[in-house]
Structure formats: structure tokens, C-alpha cells
Amino acid sequence: MKLRIVVTLKNGVLDPQGKAIEHALASLGFSGVGEARVGKLIELEVADGTSDADIDAMCQKLLANTVIENYRVERPEVSGQ
């Protein structure tokens with residue numbers, strides 16, 4: 001089973017990479033860009049029987065720093081079903 005784990009910074013946490021992107025886009029002449037926030041996307045392939053609790057534990061113990069980050073698990077739909 002393929003999963004996508006999307007990790008984003010919590011509201012209120014400073015995002016220097018996002019600020020750098022905002023400034024770079026403005027300096028390149030792109031106007032109208034609001035706030036930019038940077039996160040990460042982790043794609044995992046796990047055994048079909050992997051429980052939601054195990055997936056959640058993976059996220060909390062390694063994939064996300066839950067002090068400053070939120071995460072969500074996405075299960076891409078399989079076509080043809």
C-alpha cells in the first residue's frame with residue numbers, strides 16, 4: 001500500500017524558507033504572492049496489513065516533529081476500483 005505523509009509547520013511557527021521564497025518571487029517580478037510555507041512530502045510503501053496506529057506511530061516518532069509540525073496521511077486512490 002502506498003501512502004503519502006504531508007508534513008507542514010504549525011501556525012505561528014516561523015518559516016525562514018517560506019520567507020526566502022516570498023522574497024525571491026517578488027524579486028523575480030511575480031506580484032500578488034502571499035504567504036509561502038514550506039513543508040515536506042514523504043511517500044511510503046507499507047504492507048497492506050499495516051494498521052493506522054502503526055502509521056500514526058511512524059509519523060509521531062520519526063517522520064514529523066510534532067512540537068512544531070502537523071502531518072496528515074493520504075492514501076492515493078487506486079484506479080479501476
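User: Which residues form a nonpolar patch on the surface?

Analyst: In this predicted model, the nonpolar surface patch is formed by L28, F30 and V33, and together these residues have about 320 Å² of accessible area.

User: Where is L28 placed, and is L28 buried or exposed?

Analyst: L28 sits in the loop between α1 and β2, and L28 counts as exposed because its relative accessibility is 63%, where the cut-off for exposed is over 50%.

User: Let's move to α1. Is E22 buried or exposed?

Analyst: E22, which belongs to helix α1 (residues 16–27), counts as buried because its relative accessibility is 17%, and buried means under 20%.

User: What does E22 touch, leaving out residues up to four places away in sequence?

Analyst: With those left out, E22 touches G34, E35 and A36.

User: Now α2. Which residues are buried there?

Analyst: Helix α2, which covers residues 52–63, has I55, C59 and L63 buried. Seen down the axis of α2, the buried residues fall within an arc of 45 degrees, so they line one face of the helix.

User: And what covers them, and what is exposed on the other side?

Analyst: The cover over the buried residues of α2 includes β1 (2–9), β2 (40–45) and β3 (69–74), while A53 and K61 are exposed on the other side of the helix.

User: What about M58, what is it in contact with?

Analyst: M58 is also in helix α2, and M58 counts as partly exposed because its relative accessible area is 33%. Setting aside neighbours within four places in sequence, M58 is in contact with L44, V46, T50 and L63.

User: How far apart are M58 and L44?

Analyst: From C-alpha to C-alpha, M58 and L44 are 11 Å apart in space, and in sequence they are 14 residues apart.

User: Switching to charges: how many salt bridges does the structure hold?

Analyst: The structure holds six salt bridges. One of them joins the side chains of E43 and R4, at 3.4 Å from N to O, and this pair links distant parts of the chain, with E43 in strand β2 and R4 in strand β1, 39 residues apart.

User: How exposed are E43 and R4?

Analyst: E43 counts as exposed because its relative accessibility is 57%, whereas R4 is partly exposed, with a relative accessible area of 33%.

User: What about E69, which side chain does it meet in a salt bridge?

Analyst: The side chain of E69 meets that of K40 in a salt bridge, at 3.9 Å from N to O. This pair also links distant parts of the chain, given that E69 is in strand β3 and K40 is in strand β2, 29 residues apart. E69 counts as buried because its relative accessibility is 13%, while K40, at 38%, counts as partly exposed.

User: And R75, where does it lie and what is its partner?

Analyst: The partner is D52, and the two side chains meet in a salt bridge at 2.5 Å from N to O. R75 lies in the segment after β3 and D52 in helix α2, so this pair ties together parts that are 23 residues apart in sequence. R75 counts as partly exposed because its relative accessibility is 40%, and D52 counts as exposed because its relative accessibility is 53%.

User: Last one, R72. Where is it, and what does it touch?

Analyst: R72 is placed in strand β3, and its relative accessibility of 45% is the reason R72 counts as partly exposed. Not counting residues up to four places away in sequence, R72 touches R4, I5 and V6.

User: What separates the C-alpha atoms of R72 and V7?

Analyst: The C-alpha atoms of R72 and V7 are separated by 6.7 Å, although these residues are 65 apart along the chain.

User: Which side chain does the side chain of R72 make a polar contact with?

Analyst: The side chain of R72 makes that polar contact with the side chain of E74, at 3.0 Å.

Methods: Residues are numbered from 1 along each chain as its sequence is written. This is a predicted model: local features need pLDDT of at least 70, side-chain atom pairs count only at pLDDT 80 or more; totals for chains, interfaces and linings use all residues. Side-chain values use heavy atoms; hydrogens and water are left out. Helices (H or I, at least four residues) and strands (E, at least two) are DSSP runs, numbered from the N terminus. Buried means under 20% relative accessible area, exposed over 50%, partly exposed in between (1.4 Å probe, protein chains only). Contact means heavy atoms within 4.5 Å. The arc is that of the directions from the helix axis to the C-beta atoms. Patches are made of residues with over 30% relative accessible area and no salt bridge: like charges are joined within 9 Å, nonpolar side chains (Val, Leu, Ile, Met, Phe, Trp, Tyr) within 5 Å. Accessible areas come from the Shrake-Rupley method with a 1.4 Å probe; for residues, only the protein chains shown count as cover. A salt bridge is a side-chain nitrogen of Lys or Arg within 4 Å of a carboxyl oxygen of Asp or Glu. A polar contact is a pair of N or O atoms within 3.5 Å; within protein, one must be able to donate a hydrogen and the other to accept it, and residues adjacent in sequence count only if both atoms are side-chain atoms.
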